[in-house]
Amino acid sequence: MSDTRSEPTPEVEDQGHPRRWAILGVLVISLIVVVLDNTVLNVAMKTLAAPPNEGVGASQSDLAWMINSYTLVFAGLLFAAGIIGDRIGRKRMLIGGLVVFGVASLLSAYSTTPDQLIWYRALMGAGAAIMMPSTLSLLRNVFSAKEFPKALGIWTGAVGIGGAIGPIVGGALLEQFWWGSVFLINVPIVVFGIVAVLILAPESKGSQAKADFVGMALSMVGLVSLTYGIIEAGDTGSWSGVEVWGTIALGVIVLVGFVLWEKRIPHASLDMNLFKNTRFSASSAIITLTFFGMMGLMFFMTFYLQLLKGYTPLETGLLFLPFGASMLVFAPLSNTLVQRFGAKTVGIVAMLLVITNFTVTALVFEADTPVWVVIVLFLITGAGMANLMPPAMNTLMSSVPKEKAGVGSALANTLRQVGGALGVAVLGTVMAQAYQSRIGDAAPQLPDAARESYAATYGALESGAIPADAAAAVTGAADSSFIEALHITAFAAIGVALVGLVIIALYFPGRQRRETETPEQAAEAALIEA
């Protein structure tokens, strides 16, 4: 009798929190405001560069740091924030992050100088890093193991739709209001999120072992240094120079020190034995490669649509919407497909869908490619991404005990952030170098500064630095050089995606036999899958 009363039945244990779906809705809103802010600033760049009456008079360097300050602080604090959340309470961390993010958004909206906006954007990055791991770790806590994959699919879909609607929201606000509105829009969403979290979400904590302050410090220094070097390489289009190689090398050395320290101490923040599990390591690699491909895709397709096709930022955002909508639709369905066909089969098909985009871009895309082709490719790619991320994230999160869900969430989000930064930097460098080598031959009259990138060439054309009688020839040379560079960049993306395909084929689990399935049916299904 005592055993029956003291141990919950499987049915009770598997139900999850009674308000779990409402809690998921609140966590999705909190997540979207962070993801949306990562892309909404892109459409405000031109306005921010305008004189103080219209913008803040930001230089090109200022504009770069408005993005980079956010990314650096966000990436650097993510892992440590997840560990702290496990110790002091994930609900408390989520509310704290929302408060910091909301205050920083308000300050950003009323900035009067570029320096102010750069620092306030860094503060926004800190708020995002504090809240981001808590959304996923709370999700892991309130949902049962059976329902968690479906909830994770919805969470993943929110990432896609948040990134896609950022330029749309930003473009719509800039057409009606002043530039600060792109930050001010965050404030009411944050207020709603705080109230909803206070009412609905339960508090949860993880293990209370001795705090690993050294490990947290090493992770922050290493991630900031590594991310800075990657961003600098992406901004300059070159991987040479001490500022790039030096900071990347420092980041790698510090992170190696972090690994050695974590293997040495009994109260490690991250159990390095997890990486001995091939499924855990493979899932970590797929998360990194998926965001590498997604952010790289966003990067070169933005240039194609805005500069070559001539679409406005708002129109470009609308064209990206099918990508986010496809993720939102297919991500919640991914667990059903995994249960039916196995993670390996679903992952292979999903990666092939992503490779289809890159292949069509490499072989078919030209200046006169119809826009419907772009829309169809975005739909296909969104479906592929939607069926890559949830199985990988579920494997990673399920490998970590519930009491360390914040660590798992922080690791997953750190991999996404670093993978995305690498995608932009690596593919951006490939594109820049391919463009420079071709525009130099096609338009030798261009000054060196105008040869650095496709955007730089168009900037020179718009500023009148190119004589009117040569403008048409330079425009044609720039467009053709960009298309050739786009093809080369897409081939590089195919190469990276093929690595992911091999990892999935070798290490992702196949179809698992259901309890109601006979051994004969399972054998037949395995034969079909093979």
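Predicted model: local features only at pLDDT ≥ 70, side-chain atom pairs only at ≥ 80, totals over all residues.
Residues are numbered from 1 along each chain as its sequence is written, and side-chain values use heavy atoms, with hydrogens and water left out.

Back to our serine. S334 sits in helix α15; helices here are DSSP runs of H or I with at least four residues, strands are runs of E with at least two, and both are numbered from the N terminus. With a relative accessibility of 1%, S334 counts as buried. For that word the cut-off is under 20% relative accessible area, with exposed being over 50% and partly exposed in between, using a 1.4 Å probe and protein chains only. Helix α15 covers residues 334–341, and its buried residues are S334, N335 and V338. Looking down the axis of α15, these buried residues fall within an arc of 100 degrees, so they line one face of the helix; the arc is taken from the directions from the helix axis to the C-beta atoms. As a reminder, an α-helix has 3.6 residues a turn, so residues three or four places apart point the same way. After α15 comes G342, with a positive phi near 100 degrees.

Let me zoom out. The protein chain has 22 helices and zero strands. Of its 530 residues, 53% are buried. Among contacts between residues at least 6 apart in sequence, 81% join residues at least 24 apart. The accessible surface comes to about 22,400 Å², and 66% of that belongs to carbon and sulfur atoms; these areas come from the Shrake-Rupley method with a 1.4 Å probe, and for residues only the protein chains shown count as cover.

Now for the inside. The largest nonpolar core has 145 residues, and those touching the most other members are L48, M66, L139, M301 and Y304. By nonpolar core I mean a set of buried Ala, Val, Leu, Ile, Met, Phe, Trp, Tyr and Cys residues joined through side-chain atoms within 4.5 Å. Which helix gives the most to this core? That is α21, residues 468–507, with 15 residues. If we pick out M66 and set aside its neighbours within four places in sequence, its contacts are L41, L48, V56, A58, P114, L117, I118 and R121.

On to the rings. The structure holds six aromatic pairs. Rings of Phe, Tyr and Trp (its six-membered ring) pair if their centres lie within 6.5 Å; planes under 30 degrees apart are stacked, over 60 edge-to-face, and the rest tilted. One of the pairs is Y110 with W178, which is tilted, at 5.7 Å centre to centre and 40 degrees between the planes. Why does this pair tie together parts that are 68 residues apart in sequence? Because Y110 lies in the loop between α6 (90–109) and α7 (114–142), and W178 in the loop between α8 (148–176) and α9 (181–184). Y110 is exposed, at 51%, whereas W178 is partly exposed, at 37%. Another pair is W179 with F183: the centres are 6.3 Å apart and the planes at 85 degrees, so this one is edge-to-face. Both W179 and F183 are buried.

Two last stops. V103, in helix α6, is partly exposed at 44%, and its C-alpha is 9.6 Å from that of N186, 83 residues away along the chain. D368 lies in the loop between α16 (343–363) and α17 (371–386) and is exposed, at 66%. Its C-alpha is 9.5 Å from that of L308, 60 residues away in sequence. Thanks, everyone!

Methods. Contact = heavy atoms within 4.5 Å.
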